[in-house]
Amino acid sequence: MIVYYAIAVLVIGLDQLTKWLIVKNMELGEHISVLDPYIALLSHRNRGAAWGMLEGKMWLFFIVTIVVVVAIIYFFHTEGKKDRLLGVSLMLLLGGAIGNFIDRLVRGEVVDFISVLIPVINYDFPIFNVADAALTIAVILILLHVLLDEKKKKKKVS
């Protein structure tokens, strides 16, 4: 079980370290090309949720995050320990949620810095951070878990 929580701690640590490096070494709005023009570091702040939604509703984020963290921990202990994929997914979710929660609590805003241009459709993806990436990966893995679980259930019925 400690290994699962280590995943969450690793996500939180990497998230906070990268955000600290961005805040200390880049001016707000500064752009550093990594793989021109597709990937860049762009020092940005977000006072809302994904894509800047609900900007300025910090009290709502605090309440929702606390409820979500409690729910993730509860669900991990009741279901996540039984399945490795679900357990890892929940810990990525936990790490991402806490990573952005720390920013909101300490800074009053979330530090975002990864800028990606998707060339096939010429889409400038919203700027994100390590916590956001962990949250996205977690959701994809949870969906994968659900699909695999449904497939197992169908095999048992057959």
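**Salt bridges, pair by pair**

Guide: Searching the whole structure turns up 7 salt bridges, where a salt bridge is a side-chain nitrogen of Lys or Arg within 4 Å of a carboxyl oxygen of Asp or Glu. Before we dig in, bear in mind that this is a predicted model: local features need pLDDT of at least 70, side-chain atom pairs count only at pLDDT 80 or more, and totals for chains, interfaces and linings use all residues. Residues are numbered from 1 along each chain as its sequence is written, and side-chain values use heavy atoms, with hydrogens and water left out.

Let's start with K19 and D15, whose closest N and O atoms sit 2.8 Å apart in a salt bridge. Both belong to helix 1 (residues 2-25), 4 residues apart, or about one turn of the helix; helices here are DSSP runs of H or I with at least four residues, strands are runs of E with at least two, and both are numbered from the N terminus. Is this pair buried or exposed? K19 is buried, and D15 is buried as well, with buried meaning under 20% relative accessible area, exposed over 50%, and partly exposed in between (1.4 Å probe, protein chains only).

Next, hop over to K153 and D149, which meet through their side chains in a salt bridge at 3.6 Å, N to O. These two are in helix 4 (residues 130-157), and because they are 4 residues apart there, about one helical turn separates K153 from D149. K153 has a relative accessible area of 44%, so it is partly exposed. D149 comes in at 27% relative accessibility and therefore also counts as partly exposed.

One more pair to look at: E79 and K82 form a salt bridge with their closest N and O atoms 3.7 Å apart. K82 is exposed because its relative accessible area is 64%. E79, at 34% relative accessibility, counts as partly exposed.

As for the general idea behind such pairs, side chains of opposite charge can pair when their charged atoms come close.
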